[in-house]
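Take a look at the fold below.

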Amino acid sequence: MAGMTPPQGEAHVAGRREILLVMVGLMTAMLLSALDQTIFSTALPTIVGELDGVDHMLWVTTAYILAATVMMPVYGKLGDLIGRKSLFIGAIAVFIVGSVVGALATAMPELILGRAIQGLGGGGLMILSQAVIADIVPARERAKYMGLMGAAFAVSSVIGPLLGGWFTDGPGWQWCLWINVPLGAVAIVSVMFFLHPNPQDRGRPTLDVAGMVLLAIATSSLVLFTSWGGGHYEWTDPLIIGLIVLTVVAGVVFVFVERRAKEPVMPLLLFGRRNFNLTTAAGLMIGVAMFGTLAYMPTYLQMVGQVGATEAGLLMIPMMGAMLPTSIIVGNTVSRTGRYKIYPIVGAAIVTVGLVLLSTMTPDHGLWLTCLYLAVFGLGLGMMMQTLVLIVQNTFPITMVGTATAANNFFRQIGASLGAAVVGSIFTNNLIDLLTERIPPDVAAGGIEGANSITPEIVGTLPQAAQDIIIGSYNDALTPVFLSIVPLTLVALVLLLFVKEVPLRTSVSEDAVPESYEVDGGSAAYLERHEDDAVEEGEEPVRS
């Protein structure tokens, strides 16, 4: 591959034992990154009660996801400039520092700061894990190792809420953060002593600083105005209007900058493909539904279902229990038949049905029924998520697959940020209003100093009448939010109807963009040299 061959005689060939030892560190890093998006879901009710911060609840999750999303392209580009080993170790170290800051927090602002610092490191954990594999494992062997990392991500989605609940009921919610210290140390030691990446002729790529900064500004302002609008501030407030304007302006300027950048952080040629645009937009919307549900459903189960944090985590298993095998079965079926378009369409329809069912929940509903609704929701997700990635990868020649996959993942992470922020904002605002309106003055004398101090334990000690008020408020605050997400999943369904089912490739070219370029999009010049591949696929190339 022109310009990308390691110097002769210097390449290090990793053996199976060495790869497996490195994989310990990479899978641990992947586990850390994924866990911290879900582990706090069952701990939130206790945390916000102890730290007196219901009105800041959404930022415990959003601060991490937002910081991680903003940093993804930065880690990708820096990895190509200075190498991934030292950068990976640095990202893990920053993640550990953020965990310690959060674990020592005595107030919500301190916890949110710790979560943001975690995100600054966490943005590199998943991306660099995938890139490091590309550095040490040949493409032909890589699939089985990527499968192991995918399994680590899936497992973390299941055990995150459960582990968070167990810590909350046992040694304390702080251990949701302290656990990252020994795990992070294992990852650092593994990478430090066993990772010996091949030397790369990286040349002298130009860092797209302007693109990175504009992307960070647009992403941050988008999440901020969707989180604060209609709650902390009226939609007509100058601050919200300013954030909306900043989002639009930063986005527009970003496009102009990327068109002229020598090595754009996100090549615009990706957006010249219909299937990429349709599936990426649909994935973003489904991401809002998925992460919005994952973040706040455990809180609902604890406060309305009156179960412990650990049991709330267990009650989330039907969702993932339906999602994981469905994803495997659909993947095998697609491989066998070569047909794939129908699955995300049906999946979007089932996700919509699941959201409608969740919106009908009441305090009198049996927990088994809630689990059934979550299973329906998970069934739809299992038919969609991996198939959408497959469509994106099949839309481009192999020389552009890494770039397209990274951009698709970035926008899905934007969906995760919006899901946590929008659902959290609406839920929190509804909850504060309902509790303020419904809690009578005499309840405060019975042990509640205000809406911010309510925990599941306190609710259990209140008179039945007061419990009913609080339980009803939590139910009435969250269930309408599920229904408000339905239009997004319906739009996703409509978009997917227009996907063109292109036959799946049965071979892989040896001349491919390395996955180590998967976030920054690699060299624009490199992609330009291979635009003939795009023409062969039947679509005009779009120059950035």
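## Helices that cross

H11 and H14 cross in a left-handed way. This is a predicted model. The axes of these two helices, H11 and H14, come within 11 Å and cross at roughly 35°. On the H11 side, the residues that meet H14 are Ile286, Ala289, Thr293 and Met297. On the H14 side, their partners are Val351, Leu355 and Leu358. Sorted by type, the residues of this contact are six nonpolar, one polar and no charged.

**The chain as a whole**

Step back for a moment. The protein chain has 21 helices and zero strands. It holds 544 residues, and 57% of them are buried. What share of the contacts between residues at least 6 apart in sequence join residues at least 24 apart? The share is 84%. The chain exposes about 21,200 Å². Carbon and sulfur atoms supply 66% of that area.

**Helix H19 and its partners**

Now bring in H19, which spans residues 464–497. H14 covers residues 342–358, and H11 covers residues 274–303. Both H14 and H11 pack against H19, with the axes of H14 and H19 within 8 Å and those of H11 and H19 within 9 Å. The table sets out the three pairs.

| Helix pair | Axes come within | Crossing angle | Handedness |
|---|---|---|---|
| H14 and H19 | 8 Å | roughly 170° | left-handed |
| H11 and H19 | 9 Å | roughly 165° | left-handed |
| H11 and H14 | 11 Å | roughly 35° | left-handed |

Start with H14 and H19. Their axes cross at roughly 170°. That angle makes H14 roughly antiparallel to H19, because an angle over 145 degrees counts as roughly antiparallel. Which residues of H14 meet H19? Among them are Pro344, Ile345, Ala348, Ala349 and Val351. On H19, the residues in this contact include Thr479, Phe482, Leu483, Ile485 and Val486. The contact of H14 with H19 divides into 16 nonpolar, three polar and no charged residues.

Next come H11 and H19. Their axes cross at roughly 165°. H11 is therefore roughly antiparallel to H19. The contact of H11 with H19 divides into 22 nonpolar, six polar and no charged residues.

Tyr474 sits in helix H19. Is Tyr474 buried or exposed? Its relative accessibility is 1%, so Tyr474 counts as buried, the cut-off being under 20%. Tyr474 touches Thr299, Tyr300, Met303, Val304, Phe427 and Leu431, leaving aside residues up to four places away in sequence. Tyr474 and Pro363 are 111 residues apart along the chain, and their C-alpha atoms are separated by 9.2 Å.

Gly378 belongs to helix H15, residues 367–395. Gly378 has a relative accessible area of 0%, so this residue is buried. Which residues does Gly378 touch, not counting those up to four places away in sequence? They are Met319, Ala322 and Met323. The C-alpha atoms of Gly378 and Gly321 are separated by 7.6 Å, and these residues are 57 apart along the chain.

Pro267 is in a loop, the one between helix H10 (238–260) and H11. How far apart in space are Pro267 and Ala407, C-alpha to C-alpha? They are 9.0 Å apart, although 140 residues separate them in sequence.

Definitions and conventions
Residues are numbered from 1 along each chain as its sequence is written. This is a predicted model: local features need pLDDT of at least 70, side-chain atom pairs count only at pLDDT 80 or more; totals for chains, interfaces and linings use all residues. Side-chain values use heavy atoms; hydrogens and water are left out. Helices (H or I, at least four residues) and strands (E, at least two) are DSSP runs, numbered from the N terminus. Buried means under 20% relative accessible area, exposed over 50%, partly exposed in between (1.4 Å probe, protein chains only). Contact means heavy atoms within 4.5 Å. Accessible areas come from the Shrake-Rupley method with a 1.4 Å probe; for residues, only the protein chains shown count as cover. Axes are lines fitted to C-alpha atoms, for helices over the stretch in contact, and angles run from 0 to 180 degrees between N-to-C directions. Angles under 35 degrees count as roughly parallel, over 145 as roughly antiparallel, 65 to 115 as roughly perpendicular and the rest as oblique. A crossing is left-handed if the near helix is turned anticlockwise from the far one by less than a right angle, and right-handed if clockwise. Ala, Val, Leu, Ile, Met, Phe, Trp, Tyr, Cys and Pro count as nonpolar, Asp, Glu, Lys and Arg as charged, and the others, Gly among them, as polar.
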